[in-house]
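Subject: Structure for you to look at

Hi,

Here is the structure I promised. Please open it next to this email; my notes follow below.

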Amino acid sequence: MRISGMLVAIGLLVTPVAGPLSAQSAADYVIGPQDILLIQVFDQPDLGGKYTVEADGTFTFPMIGRVKAGSLTLRGFERELKVRLADGYFRSPQVTVAVEQYRSQRVFVMGEVRQPGPVALTGGMTLIEALARAGSTLPTSSGEVSIVRAARANGEEGPAMPGQDAATELFRASIRDLQGGSLSQNIELHDGDTIFVPRAELVYVFGEVKNPGGYTVQKSTTVLQALSLAGGVTEHGAMNRVQVMRMVKGQKVETRVKLTDLVRPEDTIIVPQRYF
């Protein structure tokens, strides 16, 4: 199954935490310059073939000359071509139009992925597919994915980062939810969307733990889970006196915590030695 293969490749599923994005099926894909169309006309093999849409959105088709495909959906252009061919050439022509190569639209996948950069937008492309084409997320990625949809001026290109523009729509997806296996809310992408995978935050674990050091954590990571990342507490550690050094208003503050409390970025967790 096509989707299942992509899930194996990236280990993700997507559940948006903001409002749903509108879907764009393959038939509703809007043709643009440089797209290569595969056109077939039933019983007329000489008319079929691959046609490249030029910068003005048109190209030359046999018998009828210049046709405009740019800004039309695949099904809309298919209907237009049928009308033109039926106008004095064929009775009830049967025409199918597909995209051989997507070149006019793209999304940007940035941040903690193996191959960041632009990805050609195919009809109905979802967040899962875009992440898979970027080579999947890195182990250093955080527990969230942001999808940025910006209102762009004519000719404006390039990725848009979260918080960059007041006219930007921002949607979030949780990697933890994605791994849960629900496909029902998998986000479909639009031309120009930017998918941003931020780097995971670090906490530091020292004292009576088996493997002291820095560890990447998610927003939902507890103190106990952070201790587990460090191999757990040694037999000499005092679990009831775990302390955290935390930055508060630019100052390091010593904080007593419960094992079920959530850690914060750049926390330093210290497990002291038992008294006896």
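Residues 1–5 keep a pLDDT under 50. For that stretch the model has 2 contacts beyond four places in sequence. Residues 7–24 also stay under 50, but there the model has 62 such contacts. Keep in mind that this is a predicted model. Across the protein, pLDDT averages 84, and 83% of the residues score at least 70.

Now to helix α2. What covers them? Just after the helix, Gly88 has a positive phi of about 95 degrees.

Next, the cores. Nonpolar side chains tend to be buried together in soluble globular proteins. The largest nonpolar core here has 20 residues. Leu37, Ile39, Phe59, Phe61, Phe77 and Leu81 have the most contacts inside it. Two or more residues each come from β1, β3, α2 and β5. Helix α2 gives the largest share, 4 residues.

Take a look at Phe61. Leaving out residues up to four places away in sequence, Phe61 touches Ile39, Val41, Leu47, Tyr51, Val67, Leu81 and Leu85.

There is also a second, separate core of 18 residues. Val107, Met125, Phe171 and Leu189 are among them.

Best wishes

Key. Residues are numbered from 1 along each chain as its sequence is written. This is a predicted model: local features need pLDDT of at least 70, side-chain atom pairs count only at pLDDT 80 or more; totals for chains, interfaces and linings use all residues. Side-chain values use heavy atoms; hydrogens and water are left out. pLDDT is the predictor's confidence in each residue, from 0 to 100. Contact means heavy atoms within 4.5 Å. A nonpolar core is a set of buried Ala, Val, Leu, Ile, Met, Phe, Trp, Tyr and Cys residues joined through side-chain atoms within 4.5 Å. Buried means under 20% relative accessible area, exposed over 50%, partly exposed in between (1.4 Å probe, protein chains only).
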